[in-house]
Amino acid sequence: MSAIALSPDQVRAVDAVCAALKARSVAPSVLVGPAGTGKTTLLGPIAERITADRRAIRFAAPTGRAAKVLSEKLAARGIPGVATTIHRALYGSAEDSDEGLKFGALKEPINAGGVLVIDEASMVNDSIHADIMSVMPPRSSLLYVGDREQLPPVVGTWGADFDSPTAALTEVHRQALESPIVRIATDVRMGGRMPMGSVGTGYARKQGSIVTSAAWLAEHCRAGADATLLCATNGSRHHANLAVRSMLGLSGGPAIVPGDRLVVLLNSYDTGLWNGETVDVASVSDSGPGLVLVNTTAGHSFDVPVDLMGPGCAAKFRERQRAVDPFIPWVHVDYGWCLTIHKSQGSEWRHVGLLLDQGFAAWCRRDRETGRRLAYTGITRARESLTAFDI
């Protein structure tokens with residue numbers, strides 16, 4: 001691993017985190033910092049010190065997409081190790097079978113004396129945190145890494161103690177500010193507004209509609225680009241998803257077709273899919289009355305009761321699953337071309353279209369702090385370009 005020049009702010013953070021991990025305290029260590037402060041960069045020096053003490057280290061994230069993004073960042077920085085989902089770390093997995101991934105019983109996520117590092121900790125709620133802590137082995141350590149400026153989890157409260165972190169990065173670095181996305185996110189975090197017009201090639205704000213934003217995403221998808229639409233409410237999300245599916249030629253037939261993108265609405269312990277995770281559909285077949293068997297490009301296989309797709313059906317979904325067979329791997333999904341900002345947490349895309357509609361404005365008027373977090377979280381989902389549509 002090549003040497004990394006750290007700022008004084010970062011050196012202090014590494015020292016504080018490593019001292020806490022070395023103490024092997026029962027309490028988790030917590031590293032926080034907003035976009036551009038270098039949280040992931042510090043994982044290299046932290047990992048070097050951990051392995052120098054002959055301790056094993058494992059990286060995990062809440063969703064498959066977040067784990068993939070973290071793995072890419074680790075590799076780019078020369079940090080050994082591939083991140084897994086928290087679910088896989090806690091439950092392990094057998095090899096793929098015709099019935100999909102089969103997970104075992106709750107288990108220790110790291111060997112005794114090791115260090116478990118969980119990124120995107122703003123997604124980890126108090127319930128998941130309790131599960132993690134219940135299986136941490138003796139002399140092991142847990143490090144949460146996250147951004148306390150983002151939205152809190154969809155359900156429950158933060159598991160990590162973001163109010164009293166082990167170390168808090170505050171300095172947004174000059175190299176990061178070369179990105180208009182980081183500059184705008186920093187301004188919004190500090191109470192500013194998203195600018196009008198364009199900023200370089202990485203940011204644009206324009207007048208639009210559900211149709212024009214859907215056309216923007218359809219164009220990116222046809223080109224094979226990593227892109228998504230984000231919005232504030234399920235109403236806008238529903239209309240945008242219908243528009244995108246129509247433009248991509250996916251509507252007018254069965255409820256789910258090959259080429260569709262779905263978002264998971266409830267944690268599925270049978271398949272290892274988490275609330276907010278997106279999957280791309282490879283094939284679909286009938287699986288019984290009202291059910292379709294979905295096979296994804298990532299190798300997941302699960303049944304979907306198509307009449308219970310979408311938000312607002314969670315209770316009915318659970319009730320029917322229990323009545324039929326609670327052990328059948330059903331997954332509660334909806335179309336995932338457009339996501340709410342809440343559901344997008346833990347994920348990143350190269351290109352993000354952000355719908356600034358009446359629902360978004362209503363959030364901001366109702367609660368200024370939540371509105372700020374909503375905008376900041378949406379902006380920071382983009383890696384290369386952000387296009388905001390005033391609707």
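The questions and answers below concern a predicted model.

User: At what angle do helix α1 and helix α2 pack, and how far apart are their axes?

Analyst: In this predicted model, helix α1 spans residues 8–22 and helix α2 spans residues 39–52. α1 passes α2 in a right-handed crossing. The two helices pack at an angle of about 35°, and the distance between their axes is 10 Å.

User: How many nonpolar, polar and charged residues does the contact of α1 with α2 have?

Analyst: From α1 the contact draws on Gln 10, Ala 13, Val 14, Asp 15, Val 17, Cys 18 and Leu 21, while α2 contributes Leu 42, Pro 45, Ile 46, Arg 49 and Ile 50. Sorted by class, the contact of α1 with α2 has nine nonpolar, one polar and two charged residues.

User: Are α12 and α13 parallel or oblique to each other, and why?

Analyst: Helix α12, residues 358–366, packs against α13 with the axes 5 Å apart and at an angle of about 135°. Phe 360, Trp 363, Cys 364 and Arg 366 of α12 meet Arg 368, Thr 370, Gly 371, Leu 374 and Ala 375 of α13. Because angles over 145 degrees would be needed for roughly antiparallel, the angle of about 135° makes α12 and α13 oblique.

User: Is Arg 372 buried or exposed?

Analyst: Arg 372 lies in helix α13, residues 368–379, and, leaving aside residues up to four places away in sequence, it touches Glu 149, Val 188, Arg 189 and Gly 191. Its relative accessible area is 15%, and since buried means under 20%, Arg 372 is buried.

Note on methods. Residues are numbered from 1 along each chain as its sequence is written. This is a predicted model: local features need pLDDT of at least 70, side-chain atom pairs count only at pLDDT 80 or more; totals for chains, interfaces and linings use all residues. Side-chain values use heavy atoms; hydrogens and water are left out. Axes are lines fitted to C-alpha atoms, for helices over the stretch in contact, and angles run from 0 to 180 degrees between N-to-C directions. Helices (H or I, at least four residues) and strands (E, at least two) are DSSP runs, numbered from the N terminus. A crossing is left-handed if the near helix is turned anticlockwise from the far one by less than a right angle, and right-handed if clockwise. Contact means heavy atoms within 4.5 Å. Ala, Val, Leu, Ile, Met, Phe, Trp, Tyr, Cys and Pro count as nonpolar, Asp, Glu, Lys and Arg as charged, and the others, Gly among them, as polar. Buried means under 20% relative accessible area, exposed over 50%, partly exposed in between (1.4 Å probe, protein chains only). Angles under 35 degrees count as roughly parallel, over 145 as roughly antiparallel, 65 to 115 as roughly perpendicular and the rest as oblique.
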